[in-house]
Amino acid sequence: MTLKAHRKIIVQAVLIVIVISTYDVLLHSLLTFVHVAFEWIELGLEELIEHVFHTTRHQSQIIVFYLLLSVVLFGLYRLWRVLPRFYNYLQATRTHYMTHMSCYWRECSSVQKAKLITTCSAGVAGLCFWMFI
C-alpha cells in the first residue's frame, strides 16, 4: 500500500537523481543537438539560396554568413535596448529581497540565526563538493 501510494514521489525522486548524476552528458547531448540543428538549417538555407538565385556554393555561403551576422547584430541591439530595464528590475528585486531578509534576520532568535547560518553553510559546502569533486 505504501509503495503504491508514493509511486509518483518515488518516480520523481529517481528522475531527479538521474538528471543530477548525468547533467554533463545531458548538457553535452543538448548542445550537440543544437549544433547539428543549426548546421542543418544553415545548409538548407544555402541550398535554397543556390537554387533560387542560381549562385555558386561560395556566394551562397557568403550570403548566409551575412544573413546570420545581421540576425546576431539585431539580437545584440535588442539586448542592448532591454538591458537597462532588466538592470533596474534586478536592482529593485535585490532591494526588496535585502529588506525582506534584514527584517527576517531581526525577528529571528539566536537559535534560529545559528540554525540558518549552519544550514546555509552546509548547503554551500554541499554545492562546492558536488560541483568540484
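**Exercise 1.** Is E47 buried, partly exposed or exposed?

*Solution.* The model is predicted, and its accessibilities are computed from it. Step one is to take the value for E47, a relative accessible area of 36%. Step two is to apply the cut-offs: buried means under 20%, exposed means over 50%, and partly exposed lies in between. E47 is therefore partly exposed.

**Exercise 2.** Identify the salt bridges of the structure and describe how their members are connected.

*Solution.* The criterion here is a side-chain nitrogen of Lys or Arg within 4 Å of a carboxyl oxygen of Asp or Glu.

1. The structure contains three salt bridges.
2. R57 pairs with E46, and their closest N and O atoms are 3.4 Å apart. This pair links distant parts of the chain, since R57 belongs to helix 4 (residues 57-107) and E46 to helix 3 (residues 23-53), eleven residues apart.
3. R57 also forms a salt bridge with E47, at 3.0 Å from N to O. With R57 in helix 4 and E47 in helix 3, the pair ties together parts that are ten residues apart in sequence.
4. A salt bridge likewise joins the side chains of R57 and E50, at 3.4 Å from N to O.
5. Taken together, E46, E47, E50 and R57 are linked in a network of salt bridges.

**Exercise 3.** Classify the geometry of the aromatic pairs and state the exposure of their members.

*Solution.* Planes under 30 degrees apart count as stacked, over 60 as edge-to-face, and the rest as tilted.

1. F65 is partly exposed at 48% relative accessible area, whereas Y66 is exposed at 52%.
2. For Y77 and W80, the centre-to-centre distance is 6.2 Å and the angle between the planes is 40°, a tilted arrangement. Being three residues apart in helix 4, Y77 and W80 are separated by about one helical turn.
3. Y77 is partly exposed, with a relative accessible area of 39%, while W80 is exposed, at 61%.

Note on methods:
Residues are numbered from 1 along each chain as its sequence is written. This is a predicted model: local features need pLDDT of at least 70, side-chain atom pairs count only at pLDDT 80 or more; totals for chains, interfaces and linings use all residues. Side-chain values use heavy atoms; hydrogens and water are left out. Helices (H or I, at least four residues) and strands (E, at least two) are DSSP runs, numbered from the N terminus. Buried means under 20% relative accessible area, exposed over 50%, partly exposed in between (1.4 Å probe, protein chains only). Rings of Phe, Tyr and Trp (its six-membered ring) pair if their centres lie within 6.5 Å; planes under 30 degrees apart count as stacked, over 60 as edge-to-face and the rest as tilted.
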